[in-house]
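Please read these notes with the structure open beside you. They are arranged as numbered points, each on one topic.

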Amino acid sequence: MKLEKEYLYHEFIQRENEFSRAAYRPEFDFYLAVMQGDVERVKVLCEDAFSNKEGLGVLSKNPLQNLKYHFAITAAMLARYCIEGGMEMSDSYSLSDFYIQKADVATNAEALTELHNVMCIDYTKKMKGLRKSKITSMPVAKAVDYIYDHLNTRITLSVLAEHVGVNPSYLSRVFKREMGDTVNGYIKNKKLETARNMLLYSDFTAAEISFILSFNSQSYFTEVFRKKYGLTPSDFRAQNLFSNELDNPGIRSKNRH
């Protein structure tokens with residue numbers, strides 16, 4: 001059970017699997033990793049050359065121009081995800097514009113692939129820095145990293161303190177001071193933010209999301225989600241499905257990055 005959750009959360013859709021649930025779409029894994037500042041994960045996902053990705057739609061009969069169009073789609077999606085993750089809108093779109101302009105003058109697929117990877121890592125590092133901008137102590141920094149890497153598990157203060165190597169009461173105190181929230185409150189909010197994106201950009205049901213993110217029960221997940229977002233998970237997905245597809249052309253087609 002634990003291994004299945006870990007696979008679903010960390011591996012997403014490296015390959016189609018036969019678990020009793022749909023797999024993450026690969027583009028969701030990619031953009032979520034960027035948004036969460038997971039540099040190592042993004043580096044792994046960028047190992048396959050951008051120019052050789054399977055499933056890229058034909059937007060131009062000119063192969064190089066086709067890649068440039070897909071590069072622009074990736075840049076736009078990175079900007080949007082990072083804004084959702086807390087990056088200032090002006091900063092995110094300025095970065096997107098910068099890389100699109102660089103891509104526009106690229107003369108071959110190899111140069112575009114290199115630029116694609118640089119752009120993805122740049123966004124990811126900025127998101128990682130943003131995530132830690134309020135943190136001044138090493139214990140809290142380690143705790144936040146652990147939380148992001150283990151949202152698929154039941155994280156307790158005692159487990160977190162043991163991982164960090166400090167007393168639970170001390171961690172609780174400094175965490176609240178630096179992050180402006182309790183450990184439990186922070187974990188719950190990060191799980192809910194991830195659940196929100198899963199509802200928007202994946203095919204998992206509310207029950208599956210509740211299971212993957214280790215909420216106490218589906219009813220508890222529904223209760224806390226409604227309290228934060230004003231709708232049940234199912235109602236939230238239904239309300240946002242049509243507008244999300246209009247705002248994100250290509251988000252539901254595979255291997256867009």
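1. The largest nonpolar core of this predicted model has 68 residues. A nonpolar core is a set of buried Ala, Val, Leu, Ile, Met, Phe, Trp, Tyr and Cys residues joined through side-chain atoms within 4.5 Å. Buried means under 20% relative accessible area, exposed over 50%, and partly exposed in between, with a 1.4 Å probe and protein chains only. Which residues have the most contacts inside this core? They are F30, Y123 and F175. Helix α10 supplies the largest share of the core, nine residues. As a general point, nonpolar side chains in soluble globular proteins tend to be buried together.

2. On the source: this is a predicted model, in which local features need pLDDT of at least 70 and side-chain atom pairs count only at pLDDT 80 or more, while totals for chains, interfaces and linings use all residues. Residues are numbered from 1 along each chain as its sequence is written, and side-chain values use heavy atoms, with hydrogens and water left out.

3. The protein has 13 helices and zero strands. Helices (H or I, at least four residues) and strands (E, at least two) are DSSP runs, numbered from the N terminus. Of the 257 residues in the protein, 49% are buried. The accessible surface comes to about 12800 Å², and carbon and sulfur atoms hold 51% of that surface. Such areas come from the Shrake-Rupley method with a 1.4 Å probe; for residues, only the protein chains shown count as cover.

4. Contact means heavy atoms within 4.5 Å. Among contacts in the protein with a separation of 6 or more, 65% are between residues 24 or more positions apart. Y123 illustrates the term: leaving out residues up to four places away in sequence, Y123 touches V34, A75, L78, A79, C82, M87, S92, L95 and S96.

5. Helix α10 covers residues 183-201, which is 19 residues. From its first C-alpha to its last, α10 reaches 27 Å, close to the 27 Å expected at 1.5 Å a residue. The expected span of a helix is 1.5 Å times one less than its number of residues. Of the 19 residues of α10, 14 are buried, so this helix is largely enclosed by the rest of the structure.

6. Helix α4 (residues 63-84) has 22 residues and should span 32 Å; its end C-alpha atoms are 32 Å apart, which agrees. At the start of α4, a side-chain oxygen of N62 comes within 3.0 Å of the backbone nitrogen of L64. After α4 comes G86, with a positive phi near 115 degrees. The buried residues of α4 include N66, K68 and H70, along with L67, F71 and M77. Y81 lies in α4 and counts as buried at 1% relative accessibility. Y81 and N197 are 116 residues apart in sequence, yet their C-alpha atoms are 9.3 Å apart in space.

7. How many disulfides are there? The count comes to zero, where a disulfide is a pair of cysteine sulfur atoms within 2.5 Å. C46 is in no disulfide, and the nearest cysteine sulfur, that of C120, is 4.2 Å away. C120 is likewise in no disulfide, with the sulfur of C46 as its nearest cysteine sulfur. C46 is buried, with a relative accessible area of 8%, and C120 is buried, with a relative accessible area of 0%.

8. Helix α7 (residues 138-149) has 12 residues and should span 16 Å; its end C-alpha atoms are 17 Å apart, which agrees. The buried residues of α7 include P139, V140, A141 and V144. M179, in helix α9 (residues 168-179), is buried at a relative accessible area of 12%. Leaving aside neighbours within four places in sequence, M179 is in contact with I135, V140, V144 and Y186. The C-alpha atoms of M179 and V144 are separated by 9.5 Å, and these residues are 35 apart along the chain.

9. A polar atom of the S210 side chain lies 3.4 Å from the backbone oxygen of S217. Leaving out residues up to four places away in sequence, S210 touches F215, S217, Q218 and F221.

Technical notes:
Polar contact = N/O pair within 3.5 Å; in protein donor to acceptor, adjacent residues only side chain to side chain.
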